[in-house]
Structures are given as C-alpha cells and as structure tokens.
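The sequence and structure come next.

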Amino acid sequence: MIAVRARRCPGGAWLAAFLVTFALAGLWALASPAFSGPDEPAQVIRSVSLVEGTILGRPLGGPRTQVNVPGWLSGANAVPDCIKGQPDSSAGCEPALDAGGGTISEITYVGRYPPAYYAIVGWPSLISSGKLALYLMRLTSAAASAVFLAGAITCARRSRHARGLLLGIAVVATPEVFFLAGVINPSGLEISTAICVWTAAVVACEGERAATSVLVWLAVAGAVMANVRALSPFWVLVIGVSVAAYAGRRAVLACLGDRRAQIALAVVVGFGALGTAWTLVTGALAVLSSGTPFPHGAGLWLRLGLTLENFGPETLQMVGVFGWVDTYLPAACYVVWLGLAGGLTVTALGLSPRRRRVALAGFALGSLAIPAAILVSQSGTAGIFGQARDWMPMWVGLPVLAGHSLGTGKLSLRQQRLTSAGLIVCLEGVQVFAWAWALRRYRTGSGHVALASPAAWSPPLPAPALLAAVIICSLGLALVCLRVPGGRTASGGKRHTWRTTAPRRSRGTLLRAPKPWECHEG
C-alpha cells in the first residue's frame, strides 16, 4: 500500500502565522501611547492628508510640506513633547487629542515619501477621528506587516532547509520589528516586506523548480517594498544581488529559466522603476537635518570613523529601542538576542560549504560598507544621522541567509531540532519581556516595575490581560517557527515511504528487495 498523507488547507500555515504576527504587532499598537512611535505625528498627518486628497502638499523648503487635515490633528506634532527623550516620564502628561471638526493646516516632513504605505493605513481616518482613528490606523499597519511576515514563514516552510530558515526568521523578527509594525511608520512595512523578499528569493534559488506560491510572494513583496520608502528600490536591488551571490550562478540561471520566475522578476523590476521614478521626481530623499554635526574641519577618515562608531547604538536598535529612540531594554536582553544571532552566523560560517561561507562573509562586510558609504556621502550637510530601521531591510538578510545555510551544513536532524527549540524559546522570552518593559515605561515611567501598580497612563485594555495575550502569542510564534512540514529530512530532502509487499519466497531468499520504482513519496 502507498502511504497517504492527509490533505491540508493550503492557506492554513499562512493563516496561523498571520494571526500570531498580527496579534503581536497589534498588542504593541495598544501598548504605545498616542504618537509615541518615531516620527509618528508627521507620519499620521501624511497618511490622513493623502486619503483626504492631498498628494504632496505645499512645499515649505527642505522636506517640509504643508497639508490640510481634519481638526482632530490640531497640534499633533506637539503631543509627544512631554515624553520624547524622557523615559522616566509616564505618558499621562500627554494632552488628549482634540475631537474638533473642520479642516486645518499642519506641517509634515515626510510629505514627499512614496504614497503606497500611507494609502494603506490612512483610510480609517475617513470613518473615525481622534484616538479611535489612530488605533485603527495602527492596527491596519500591523495587519499589512503581518501579511508579509506570514508570507516569509510560508515560503520558508517550502524550503528544502525549512528548519534553519525558520530559525533565521525568528532571529530577525525582533521586538523592534513588531513595535514598528504596530505604530504609524513605513519602516515597519519596509522591514516586513524585506524579510519576505529575502526568504522567497533564497527559496526560489534553491536549484529546483520553485513553487508558484513562493514566486507569487516574491513578486508581491518585492513590488510593495519598492514603493514604501525612498531608498526601498535600492534595497530590493541589494537583496537580489546578495541572494544571487549566495545561491550561485547555476542555481540562479535555473531559476531564471522558469517562465513564472521571469514574470515575478518583471513585476519587481517594473514596480522598482515606479518607486525610483517617484523618488527622483519628488525629491523624497531629502531628510530633516537632525543629525549630530561633525567637528569643524573633519576629514574623510574621521567622518568615516565616527559614522562606524554610531553603528554600535544602532545594533541595539535592531533588537529594540522604543518610543522616540529613548527607551532601552536591560543590557541582558541585547546580550541574549545579539549573542544568539551572532552564534547563528558564526555556526553557519563554520559548517557551510566554502562558496557560501565566502558569500556570507562578503555580505556581512557589505552590510556595513553600504550604509557607511551612504552616510559619509551625506555627512557634509546632515552630520551623523540614521537609525537601525533605515538599514534593517538589508541587515535582516544576514540571519536569514545564515539560517538557510545552516540547514545545508553538518548538523544532524536531532541537533537542528534541539538548536532551533532552544534558541526560539529564548528569543520569545525576550519578546515578552521587551513588551512588558516598554509598557511599564509609559504607564509609570522607568522607575516602577509592577504592571498592576497605579498608573498615570493605561492602554485601552487592562494591562494584565494584554500581558497574558503577549505570552500566548509569543508561544504561538515559537510553535509556528518550530513546526516544520512533514516529509523533510535532516538535509532538507523529502522523506520516502517504502511500499511493502507480501513476503515472496524464492530459492534462497525469504524477502524480495524493493525495486527503485517502488519508492514513493510519503
């Protein structure tokens, strides 16, 4: 008899991943006070004005533009002033959002950014106002990011090296990723789509005929990502070149020989050209001059050194620095997360084939060189600027590639299971702690610990209930990343089930050996 595998709903894995990632991002949205995300007032004004019909607004010099918005956004830019950069202050000092009607003029410094993200998240303001509109917009942003995080997990499950690739995704799905997904900021969607593009691209170039669903995710995520922020088309190009170098010439040519892959690539290139055109025509690369000025007369090497030195704090931001980049986690959280990420990369370098070791090492160097080159080229006018979220669309690629490469290494199936389980459980423990730590900062300020203590600010739902939900969702994310589809061997190949036959007696033989054509997929 041929072993039969029960049919499963094709979208079941994606739906499970979407629900847990959306819930985590949504819980971050509820735990963050109004306009407590980085640049959130300007981002909300841009979103609302866009759906109200203002595409660019009236230029005021530099990146600033003046737009028309509903009256409830009056003074939005000043709302977070009492907590911005003051982690010891609770969010109870924030003024309430004005529920007034009419239309007013406000200023935003992101008015030239590509409109795709703002069109996605701005629509709730057409049917609501005030705090309700803000939370609905945040939940919409969380849902958009969760779509692509779930897409990355779904693509990873189709990989021949699913266990290692899912581990890489768990490493890059940091608290910062869910925090940014849960506030109004295009960086959240850019990073989520980048994780999906990295994953889909590396699975598509595994040297076999890629699944149609993987190519669809590659096309959709690449098209969306290329139109989220000004530099997004460039990061899509970086991902393509990096994955091609990692996969090798033969695998890339085999992938491009597939008509479906050619269509997916054409979609990404077409939307990438559209995003590039918007950036060049509107001047979306113009940024607010808010960086630290260089010392007078600083030469190229001094500017380069100071820029690289700034990557130290940005490394912490990849894990989680919340609010207006003012709420840090305890040092142990960064040590655990970055230590596990570094251990994954070093292990992959030690166990991978030589060509992939070279590709990983080259990408690690490039992930520092490219941002440094961009920053130094603009340092004359902008000084030392930039945050980790600006470079994370590229930086998330290293753990993803390392996890995939680890699946091709010398670890046994048992070692892979134990390694994945241990790392992912530790990561999700930090995930829960980071959420509770950030919520405590806004409820009572950094000087208090207990979530049940009297608070000057409270989220829309009881804090203990939200904490319980975070724990459940983090466990759910761990299970999603640990549950590898059946039929995968330690090397990623398909497991086979031998067809059994009744024992046949013959001269000198008790059992007939199975023939090659009697080997069937289980």
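## Disulfide

Cys 82 has a relative accessible area of 22% and is partly exposed; buried means under 20%, exposed over 50%, and partly exposed in between, with a 1.4 Å probe and protein chains only. Cys 93 is partly exposed as well, at 36% relative accessibility. The model is predicted: local features need pLDDT of at least 70 and side-chain atom pairs pLDDT 80 or more, while totals for chains, interfaces and linings use all residues. Residues are numbered from 1 along each chain as its sequence is written, and side-chain values use heavy atoms, with hydrogens and water left out.

The sulfur atoms of Cys 82 and Cys 93 lie 2.0 Å apart and form a disulfide (a pair of cysteine sulfur atoms within 2.5 Å). The link is right-handed, with 85° about the S-S bond. Strands are DSSP runs of E, at least two residues, and helices runs of H or I, at least four, numbered from the N terminus. One disulfide is found in a search of the whole structure.

## Other cysteines

Cys 205 is buried, at 13% relative accessible area. The closest cysteine sulfur to that of Cys 205 belongs to Cys 255, and at 4.3 Å it is too far for a bond. Cys 473 is buried at 13% relative accessibility.

## Exposed loop residue

Ile 127 is found in the loop between helix 3 (116-122) and helix 4 (130-157). Its relative accessibility is 64%, so Ile 127 counts as exposed.
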